[in-house]
Amino acid sequence: MIMGAAGFFSTVSGCSGDDDGRSLQDAPTGPLILGFSQVGSESGWRLANTRSIQKAAEYHRIDLRFDNAEGSQERQIAAIQSFIDARVNVIAFSPVVEAGWDDVLRRARDAGIPVVLTDRLIETADPALYVSSIGADFVAEGNQAALYLSTEYSGTNRPVSVVEILGAAGSTPAKQRAEGFADTVGAGNRLKVVDREQGDWTKASGEKAMRKLLRRNRDIDAVFAHNDEMGLGAAAVLEDAGHEPGRTPKIVTVDATKAGLRALIDGRLTYVVECSPIIGQLLMRAVIDLFHGGKIPKRVASEIVVFDRTSAAAALPDRSY
């Protein structure tokens, strides 16, 4: 039986108040249908995110219409339009990039279908085009990565050379992790980002980026990779080049997947900031509240957890992704 989750979001830590939400009048009756467009299947993190959403929908007996955009904004827009045409009750999606959604989301609004963003945000002059966003605080993740390195090198008088492997161009996590990292680096005088390379969240792109960075930079003290997969790719290239990744240079990543935590325990990574993909229950509770005409926060942010070698060993046995 589908049960309403009214009141749940007002008690979620870190969530905004009711004034930031939107109340839907004349709630529909009958089966609850959610149209969800996933950004892709580019990593273990993304696959875990998909499983979380599918399992939560099944648990709450929500009819999930699922589409995988495989990194294509054009395909994702087509999927959202198909959800509108099918008159689903709620649309949710993890945007491939930030810009270019206004037209299709206006059509959803005109059809009276609320839209929820997951994991990532969009760039729009009309924030009323979506009712809520659910996911991590990417700026804070970048802050945490830089704070760790700043603390590690607190006793160093010389400049500390850091290279950065960015996530996919135009995506919210890539932009905001870079912003958060730069803000914290700029607050001190030890760390210096000497070079950057673009990746696309995959291990292969991390390898490619690290090769370019090594060719251009003789001395690298630390690497900040925007996710575990790219960090693992960087570690493989550094090992082949005769370095000791995790020690010289240090490698900080984001996600905390099983593969990332294993590499941290083995010493190939140095520090990992968690970005949990397990948001299925949060999304389904939001969907249920919207279906029943409830009010939900404009922003639902998940908690940030960080891992060193010791805490990774404790967390790994229970890691589901």
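Visitor: How many bridges join strand 7 to strand 9, and in which sense do the strands run?

Guide: In this predicted model, local features need pLDDT of at least 70, side-chain atom pairs count only at pLDDT 80 or more, and totals for chains, interfaces and linings use all residues. Residues are numbered from 1 along each chain as its sequence is written, and side-chain values use heavy atoms, with hydrogens and water left out. Strands (E, at least two residues) and helices (H or I, at least four) are DSSP runs numbered from the N terminus, and two strands pair if DSSP finds at least two bridges between them. Strand 7 (residues 160–166) runs parallel to strand 9, and the number of bridges joining them is four.

Visitor: Which residue of strand 9 is the bridge partner of I165?

Guide: Strand 9 covers residues 222–225. Within strand 9, the partner of I165 is A225.

Visitor: Are the residues of strand 9 that point either way buried or exposed?

Guide: Buried means under 20% relative accessible area, exposed over 50%, and partly exposed in between (1.4 Å probe, protein chains only). A222 and F224 point one way, V223 and A225 the other way, and all are buried.

Visitor: Which residue of strand 10 is the bridge partner of V223?

Guide: Strand 10 (residues 250–255) pairs with strand 9 in the parallel sense over three bridges. In strand 10, V223 has as its bridge partner I251.

Visitor: In what order do the six strands of the open sheet lie?

Guide: The pairing in this sheet is mixed. Its edge strands, each pairing on one side only, are strand 8 (191–198) and strand 14 (306–307). Strand 11 (residues 271–274) and strand 14 run antiparallel, joined by two bridges, and V273 has V306 as its partner in strand 14. The order is 8-7-9-10-11-14.

Visitor: Does D240 count as buried or exposed?

Guide: D240 lies in helix 7 (residues 228–240). Its C-alpha atom is separated by 34 Å from that of I278, 38 residues apart along the chain. Because its relative accessibility is 71%, D240 counts as exposed.

Visitor: What radius of gyration does the protein have?

Guide: The radius is taken over C-alpha atoms, and the globule rule is 2.2 Å times the number of residues to the power 0.38. For 321 residues, a compact globule would have a value near 20 Å, with which the protein agrees at 21 Å.
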